[in-house]
Amino acid sequence: MNRTIRKVAVLGSGIMGSRIACHFANIGCDVLLLDIAPKELTEEEKAKGLSPDHPAVKNRIVQSSFDAAIKSNPAPLFSKKFAPRVKLGNFTDDMAKIKGCDWIIEVVVENLDIKKKVYEEVEKHRTPGTLITSNTSGIPIHLMAEGRSEDFQKHFAGTHFFNPPRYLRLLEIIPTAKTDPKVTEFLMHYGDLFLGKTTVLCKDTPAFIGNRVGIYGLLKVIDSMRKFDLNVDEIDRLTGPVIGRPKSATFRTSDVVGLDTLVKVANNLYAGLVNDEGREMFKLPDVVNQLEKNKWLGDKTKQGFYKKTKNAKGETEILTLDLKTLEYKPKIKVKFATLEAAKAVDNLRDRFKVLLGGTDKAGEFYRDAFFGLLQYVTNRIPEISDELFRIDDAVCGGFGWDLGPFETWDAVGLEKTLPQMEAAGYKPAAWVYDMIASGNKSFYKSEGGQKKYYDIDTKSYQSIPGRESFIILENKKESIVWKNADSRIYDLGDGVVNFAWHSKSYTLGSAVIEGMNKAIDMAEKDYRGLVIGHQGSDFSLGANLGLVFMYAIEQDYDEIDFMIKAFQQSVMRIRYSTVPVVVAPQGRTLGGGCEMTLHADIAQAAAETYIGLVEVGVGLIPGGGGTKELTKRVSDRMEEGDVELNALQNAFMTIATAKVATSAEEARELGILKPLDRVSMNRDRQLADAKEAVLELANAGYTMPQQARNIRVMGRAGQALFLAGLQGMKMGRYISEHDAKVAKWIANVMCGGDLTSPQEVSEQYLLDLEREAFLSLTGEKKTLERIQAILTGGKPLRN
């Protein structure tokens with residue numbers, strides 16, 4: 001069956017239901033979001049004279065939930081323009097509408113009896129053959145399917161999204177024994193390709209994989225914390241970005257999610273895992289139970305492991321809970337020799353060797369916490385999964401870890417750590433010893449550009465299913481054809497070359513610029529096209545401000561001029577090359593990274609691309625072609641008249657306010673992405689999608705475009721209108737004197753400088769104006785203060 005998903009019904013509009021509905025709207029589906037109709041009127045409804053049957057009353061719950069979702073941060077929608085794709089209703093009046101839906105997702109309260117009642121109603125209206133799934137986080141899937149029709153059971157499975165559904169990549173697929181294998185296969189593929197998820201096939205076991213392992217890991221951290229007498233501040237410093245996990249680390253994550261959620265999941269696991277050798281870890285410590293009793297649940301109750309308050313000066317201050325006294329105290333500065341040693345190690349895998357090798361209390365903590373987790377996951381095979389890679393995929397996708405347990409073990413060395421684990425009382429499962437005995441010394445290996453995992457049954461390495469079409473640069477080291485200190489060039493096959501870089505914060509220093517030009521040279525000589533992009537956390541945070549600051553302090557403006565000119569020329573080569581160049585931005589794509597994207601033949605952006613020209617934040621203007629390019633785009637699509645000026649004003653404000661798009665779709669609305677630019681929902685597919693775009697352009701007979709010489713600019717008349725607006729903002733104290741000065745330079749470039757009348761100019765003309773403005777602003781004291789503040793971690797000064 002050629003199954004297509006056009007319309008989705010989401011039953012239940014709570015936090016998860018409303019946001020799942022939004023994510024399906026993100027990918028273009030029509031969504032029907034339903035919830036119960038309230039039984040009683042509110043006082044406000046009574047005052048309005050509404051009856052219980054009034055549509056506004058019957059849809060009050062679903063409307064309120066959806067409105068709250070739309071206003072929430074982080075935003076569940078790529079663009080608020082997508083909100084009308086979600087239609088609201090209630091179970092009483094609108095359940096019959098599910099007949100026209102291709103997929104029905106149940107997201108009601110976690111109560112088996114209530115879910116079964118909902119399914120009874122679904123059976124009355126559902127069209128046979130359509131998908132029906134549950135977002136349950138823990139109720140056994142087979143119990144929910146009991147008593148349902150054969151067709152229902154055949155098309156029923158668990159589809160467990162993690163919160164927030166737009167941002168967390170894990171989607172657990174849990175079939176029952178009666179689920180049609182083709183349905184399971186479809187859900188795995190659809191979640192990956194269309195929803196952008198890491199789809200993980202799970203067995204129908206308590207909490208599936210993500211929460212089972214993730215919650216164990218969190219509680220093991222608390223257990224190790226108590227062993228080594230560490231505090232909340234120390235644990236969150238030790239378990240955050242330094243080990244490749246979110247900034248919220250352990251206790252801040254609990255505050256955000258809600259301690260009651262952790263308590264509920266842990267208690268359910270303790271009750272249900274009677275045969276789990278690690279069951280006692282799910283028995284919550286007394287202090288956690290006391291916090292729940294006190295209703296200190298985190299952000300939802302204004303205090304948890306942390307509490308926001310005001311100090312004597314009226315300044316906001318974050319206090320930390322002392323778990324021994326249950327008193328809130330000022331945060332402490334965390335210092336460990338192990339952390340100091342790890343600072344110098346950028347590569348996470350190499351850093352783990354330093355962290356677990358530490359000889360202080362931090363090193364002892366890391367060994368105990370990780371050894372316990374590693375032992376636990378080896379004992380979960382084959383209980384929760386037959387394949388080890390699914391465990392890594394689940395915790396990485398659901399909890400935002402950069403490395404899963406087995407990947408971490410490979411990083412520190414399997415054989416090296418085994419004696420240490422045994423000595424500490426954390427002996428792993430027998431299959432690990434069998435693996436080593438068969439001559440296999442790691443859980444993963446790269447072969448032929450593909451990542452392979454150790455398969456326990458066959459005692460051999462197998463390809464990870466569904467990843468055959470992915471291009472993962474980490475697995476293609478044998479395809480490197482050139483490299484320098486900060487960048488690499490890969491041969492992707494089929495005549496396509498890739499340029500990637502790994503500088504700190506992915507900044508665009510001289511080694512990166514050298515590599516980009518080398519990649520273009522090689523592509524023009526020996527290849528059919530070029531993909532610019534990598535698979536780091538961010539695309540680029542822009543130029544190397546430290547270098548700009550150094551030259552500016554020394555008043556070496558010739559060097560700054562050379563830097564800017566070299567970057568402009570490099571960016572222009574992206575546009576004006578004899579072969580197609582596709583740029584693949586993802587994550588934060590700021591300043592120069594945005595300018596590279598603007599000049600691509602096609603941008604293949606990740607859906608989660610946060611892109612913008614942010615130079616005004618440090619008192620500069622975009623000097624690598626960004627100001628020029630937005631001016632050119634307005635000229636390209638507009639005719640003479642007021643509309644042209646309005647469009648130019650919009651482009652001006654995008655630069656002058658350092659607007660950063662919060663999704664690829666919003667970037668398209670801002671004019672940063674072109675209508676023909678493309679979006680990859682799944683970041684793991686992005687480079688393969690970009691390669692395909694290069695080949696499409698090459699096969700279509702790509703011809704290098706000519707530099708534009710007909711960019712229409714407004715001259716003095718346009719500048720006068722901008723300056724009048726800036727004067728008003730300055731008088732109203734909306735902007736500082738220096739902000740106004742920066743904005744004037746932006747207007748000067750976008751209007752073509754000191755021209756007496758509107759006329760057409762070339763790209764190079766505008767680039768020269770950009771460079772003049774950039775150079776002038778680097779000599780400003782306020783600009784240097786802002787750059788220095790950023791470099792030193794302080795806040796930019798504003799007057």
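Predicted model: local features only at pLDDT ≥ 70, side-chain atom pairs only at ≥ 80, totals over all residues.
Tyrosine 506 lies in the loop that runs between strand β17 (496-501) and helix α22 (510-526). Its phi angle is near 55°, a positive value in a residue other than glycine.

Alanine 249 also has a positive phi, near 50°, and is likewise a residue other than glycine. Alanine 249 is found in the loop between two helices, α11 (232-238) and α12 (251-257). With a relative accessible area of 13%, alanine 249 is buried.

## Two cis peptide bonds

Asparagine 163 and proline 164 are joined by a cis peptide bond, with omega at about 0°.

Helix α26 covers residues 626-637, which is 12 residues. At 1.5 Å a residue, the helix should span 16 Å; its end C-alpha atoms are 17 Å apart, which agrees with that expectation.

Helix α26 is mostly covered, since 10 of its 12 residues are buried. The buried set includes side chains of several kinds, among them Lys628, Glu629, Leu630, Arg633 and Val634. Threonine 627, another residue of this helix, is buried with a relative accessible area of 0%. Leaving aside its neighbours within four places in sequence, threonine 627 is in contact with Ile621, Pro622, Ile655, Ile746, Val749, Met750 and Glu770.

## Lysine 459

Is lysine 459 buried, exposed or partly exposed? Its relative accessible area is 44%, so lysine 459 is partly exposed: the value lies between the 20% limit for buried residues and the 50% limit for exposed ones. Lysine 459 sits in the loop between strands β13 (450-455) and β14 (460-463).

When neighbours within four places in sequence are set aside, the residues in contact with lysine 459 are Asp434, Asn440 and Tyr454. Methionine 550 is 91 residues from lysine 459 along the chain, and the C-alpha atoms of these two residues are separated by 56 Å.

## The chain as a whole

The protein chain contains 33 helices and 25 strands. Its radius of gyration is 28 Å, close to the 28 Å that the globule rule gives for 799 residues, so the chain is as compact as a globular protein of that length. Along its principal axes, the C-alpha trace spans about 80 × 75 × 65 Å. Of the 799 residues, 55% are buried.

Which share of the contacts between residues at least 6 apart in sequence joins residues at least 24 apart? In this chain the share is 69%.

## Surface and charge

The protein chain exposes about 34700 Å², and carbon and sulfur atoms supply 51% of this area. The chain has 105 positive and 106 negative side chains. The centres of these two sets of charges lie 3 Å apart.

Terms used:
Residues numbered from 1 in each chain as written. Heavy atoms only, no water. Helix = DSSP H or I, 4+ residues; strand = E, 2+ residues; numbered from the N terminus. Rg over C-alpha atoms; globule rule 2.2 N^0.38 Å. Buried < 20%, exposed > 50% of the residue type's maximum accessible area, 1.4 Å probe, protein only. Contact = heavy atoms within 4.5 Å. Areas by Shrake-Rupley, 256 points an atom, 1.4 Å probe, with all protein chains shown as cover. Lys, Arg positive; Asp, Glu negative; His and termini not counted. Charge placed at Lys NZ, Arg CZ, Asp CG, Glu CD. Expected span 1.5 Å × (residues − 1).
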